[in-house]
Amino acid sequence: MDIRHERFSAASRSGLRYGDAALRLEDVSLEDVAASVATPFYCYSSASIRSAYERLSQALAPVGASICFAVKANGNLSVLSLLAELGSGMDIVSGGELERTLAAGAPAAGIVFSGVGKKRGEIRDALKAGIHQINVESAAELDAIADVARELGLRAPVAFRYNPDVDAGTHTKISTGRKDDKFGMSGEEILDAYARAATLPELDVVGLAVHIGSQLLDLEPFRQAYTHLANLVMTLRGRGLSVTRLDLGGGIGISYDGGPAPDVEDYGAIVSATLGGIGCALTVEPGRWLVGPAGVLVTEVLYLKEAGETPTVIVDAAMNDLMRPALYGSLHAALPVRQNEVCGDRPVRIAGPVCESSDIFGTYAGLPALSAGDLLAFTCTGAYGASMASTYNARALVPEVLVEGNRFRVIRRRQETAELLVLEEPTQWQIAGLAAEGRAVR
Ligand code: LLP
């Protein structure tokens, strides 16, 4: 049976459906996964990721744009391998993501390195690996890249990240293209730095990059940013400088609440209208749109609390597992894993066990009456879910599971608390002090 949940319009892309009254991701019952790995856990649909990738590729085919997946959205090795197999390049923002991406078998030649604060060691590793491009975010960073390339005797392929001063109209914490945001360089700064960089033999200045923000539900800011970008290309070329590549960033939004969300076909049309004839190789860096709808976070109801106006349902997942509600006030729709068409009579507030009042997933209407032991799936958690998790309150990282048809496989096992403790060491003076009292630390 199809999912009829008024606040979950991304269902069509998620791979979720009810079968035999149990919520399934593709053909796998989430109850079976819960019985095998215990809750909480993340679970991703391969088919959803694959079809999103194919749809986006097709939407961009008329302009010949290539895709570099934003690894920060979901860096699990199996997810990266799946996307690499489909032909995706990777957009990374740290040395850790470089290691992750290479470990997943993605070719270095398809990697773009973005981010405002690349350390020299990270730049060195990226150049040695032979990545496709480094996006420069300041004149000072340009000097660091040139130094490292000279030391290594290599030529660094660089693009300048342009800050077009366009408001993406998204949550302020994930808006990156306004002039006071910390990202990118103004057109003026780029005109100077580009000309200077073009004279340095250790740099191969290939073009420009832009990324104005994430979760854009209105495509018009893209049109504005890409129009400014096209103008900057013309100005640079007018000064005799060569611009051969443009990286258009990520940011295409998805519907978390059933409201309207952009179509990638419309996005493709904007790219075509603004940059189609510009004579540059184009790349996009989406994260959320490719993997967000593909994931669920499955949790078990622990307790019901009646105090206050809205009853509270305490579940075993928390803000450390999924930070988005606490950080951005975002709402992830919740579906009962055991199908029940009878709605409870009152909205409920769903909260996790972490000791912070912000550890609330949201207030939900339309769920069935819940009891301890029931399972719920928070939807659209394939992007910025597991990748942003922390171990706050000494809660170990939860497993990630990948589904393919009727098979599932644990692609990251549950962390053990002992693995958290192993990094920590008591000081010598504490050991000595305790020993004097006849006690030991471990
Ligand atoms: N390229 C660059 C340079 C970026 O900074 C980002 C995201 C992307 C691409 C991918 O953007 P996407 O297509 O996923 O929107 N934690 C936040 C989102 C932070 C996005 C940071 N940069 C959230 O959970 O909403």
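Modeller: Since the model is predicted, local features need pLDDT of at least 70 and side-chain atom pairs count only at pLDDT 80 or more, while totals for chains, interfaces and linings use all residues. Residues are numbered from 1 along each chain as its sequence is written, and side-chain values use heavy atoms, with hydrogens and water left out.

Biologist: At what angle do helix α8 and helix α9 pack?

Modeller: Two packed helices are described by the angle between their axes and the distance between the axes. Axes are lines fitted to C-alpha atoms, for helices over the stretch in contact, and angles run from 0 to 180 degrees between N-to-C directions. Helices here are DSSP runs (H or I, at least four residues), numbered from the N terminus. For α8 (residues 187-198) and α9 (residues 220-238), the angle is about 35° and the axes are 11 Å apart.

Biologist: Which residues of α8 and α9 make the contact?

Modeller: Contact means heavy atoms within 4.5 Å. Here α8 brings Gly187, Ile190, Leu191 and Tyr194, and α9 brings Leu232, Thr235 and Leu236.

Biologist: Now the ligand: which polar atoms sit by its oxygen and nitrogen atoms?

Modeller: Look for polar contacts, pairs of N or O atoms within 3.5 Å. A ligand oxygen is 2.6 Å from a side-chain N or O atom of Tyr384, and a ligand oxygen is 2.9 Å from a polar backbone atom of Gly287. A ligand nitrogen is 3.4 Å from a side-chain N or O atom of Asp91.

Conventions:
Helix = DSSP H or I, 4+ residues; strand = E, 2+ residues; numbered from the N terminus. Polar contact = N/O pair within 3.5 Å; in protein donor to acceptor, adjacent residues only side chain to side chain.
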